[in-house]
Amino acid sequence: DHVYKLHKALYGLKQAPRTWYDTLSTYLLKNKFVRGVIDNTLFVLRDKGHILLVQIYVDDIIFGSTDPSLCRKFSKIMTEEYEMSMMGELTFFLGLQVKQTKDGIFISQEKYVNDLLTKYNFHGTREMKTPMSAPVSLDSDIDGPSVDHTTYRGMIGSLMYATTSRPDIMFATCLF
């Protein structure tokens with residue numbers, strides 16, 4: 001016969017990510033960060049000609065700087081303020097493999113795509129150099145086996161996620 005009001009969101013509840021974002025963004029803005037204009041989850045700090053970028057995704061934070069001392073300073077203040085752990089140099093994030101070398105930063109989705117091929121049993125299929133030429137006409141296969149709609153939607157959603165950086169593949173995926 002009682003109703004309780006939570007004063008803070010608990011990890012795992014629906015509103016926990018929003019509450020965490022609000023808490024973290026307020027903290028960053030108080031510490032001279034500027035919220036990104038296009039992406040509200042990107043925060044930028046400019047300091048003595050250097051820049052520190054902080055990207056938030058639900059309960060993950062990635063950050064980088066033109067000055068390694070800014071990264072160390074940010075890491076220190078965050079671990080002092082919040083209970084968090086440092087995972088080290090970024091190598092994998094949201095399906096993207098990240099390789100950092102002296103020549104630059106290289107991003108790949110090879111592991112994500114291979115996992116999709118395995119999940120949907122497409123490893124034995126034939127490869128194509130071009131995903132699909134533009135003037136293709138598709139017809140219904142009435143006599144073919146019926147398709148599980150849940151699997152199909154999962155497959156298309158996964159393809160769309162994988163192709164956000166590849167407009168040529170995105171066209172073929174969205175055409176269906």
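The dialogue below moves from the overall fold to single residues.

Guide: Please bear in mind that this is a predicted model.

Visitor: How many helices and strands does the protein have?

Guide: There are five helices and seven strands. Along the sequence, they follow the pattern α-β-β-β-β-α-β-β-β-α-α-α.

Visitor: What share of the residues is buried?

Guide: A residue counts as buried when its relative accessible area is under 20%. Of the 176 residues in the protein, 20% are buried. The accessible surface comes to about 14,400 Å², and carbon and sulfur atoms account for 57% of that surface.

Visitor: Which residues of the largest nonpolar core touch the most other members?

Guide: This core has 15 residues, and those touching the most other members are Leu28, Phe33, Phe43, Leu52, Val54 and Phe74. At least two core residues come from each of H1, E2, strand E3 (50-57) and H2.

Visitor: Where is Ser25, and is Ser25 buried or exposed?

Guide: Ser25 belongs to helix H1. With a relative accessible area of 4%, Ser25 is buried. Its contacts, not counting residues up to four places away in sequence, are Arg35 and Phe43.

Visitor: How should I read a pair of aromatic rings?

Guide: Two values describe such a pair: the distance of the ring centres and the angle of the planes. This structure holds seven aromatic pairs. In one of them, the ring centres of Tyr21 and Phe43 are 6.4 Å apart and the planes stand at 45°, so the pair is tilted. Tyr21 lies in helix H1 (residues 16-30) and Phe43 in strand E2 (residues 42-47), so that the pair links distant parts of the chain, 22 residues apart. Both Tyr21 and Phe43 are buried.

Visitor: What is the arrangement of the rings of Tyr27 and Tyr82?

Guide: That pair is edge-to-face, because the planes are at 85°; the centres lie 5.4 Å apart. Tyr27 is in helix H1, while Tyr82 is in the loop between helix H2 (68-81) and E5, so the pair ties together parts 55 residues apart in sequence. Tyr27 is buried, with a relative accessible area of 16%, and Tyr82 is buried with a value of 16%. Together with Trp20, Tyr27 and Tyr82 form one aromatic cluster.

Visitor: How is a salt bridge to be understood?

Guide: Side chains of opposite charge can pair when their charged atoms come close. A search of the whole structure finds two salt bridges. In one, the side chains of Glu80 and Lys76 meet at 3.4 Å, N to O. Glu80 and Lys76 are four residues apart in helix H2, which means that about one helical turn separates them. Both Glu80 and Lys76 are exposed.

Visitor: Where do Lys111 and Asp115 lie?

Guide: Lys111 and Asp115 are both in helix H3, four residues apart, or about one turn of the helix. Their side chains meet in a salt bridge of 2.9 Å, N to O. Lys111 is partly exposed at 41% relative accessibility, and Asp115 is partly exposed at 42%.

Visitor: Which residues form a nonpolar patch on the surface?

Guide: Tyr57, Val58, Leu94 and Tyr161 form such a patch, and together they have about 340 Å² of accessible area. Leu94 sits in the loop between strand E5 (92-93) and strand E6 (96-101). Its relative accessibility is 32%, so Leu94 counts as partly exposed.

Visitor: What should I look for in the backbone angle phi?

Guide: Most residues other than glycine have a negative phi. Lys48 has a positive phi of about 50°, although Lys48 is not a glycine. Lys48 is placed in the loop between E2 and E3, and at 78% relative accessibility Lys48 counts as exposed. Asn121 also has a positive phi, near 55°. Asn121 is found in the loop between helix H3 (110-119) and helix H4 (149-162). At 68% relative accessibility, Asn121 counts as exposed.

Conventions:
Residues numbered from 1 in each chain as written. Predicted model: local features only at pLDDT ≥ 70, side-chain atom pairs only at ≥ 80, totals over all residues. Heavy atoms only, no water. Patch = residues over 30% accessible without salt bridge, like charges linked within 9 Å, V, L, I, M, F, W, Y side chains within 5 Å. Areas by Shrake-Rupley, 256 points an atom, 1.4 Å probe, with all protein chains shown as cover. Salt bridge = Lys/Arg side-chain N within 4 Å of Asp/Glu carboxyl O. Buried < 20%, exposed > 50% of the residue type's maximum accessible area, 1.4 Å probe, protein only. Phe/Tyr/Trp six-rings, centres within 6.5 Å; stacked < 30°, edge-to-face > 60°. Core = buried A, V, L, I, M, F, W, Y, C linked by side-chain atoms within 4.5 Å. Contact = heavy atoms within 4.5 Å.
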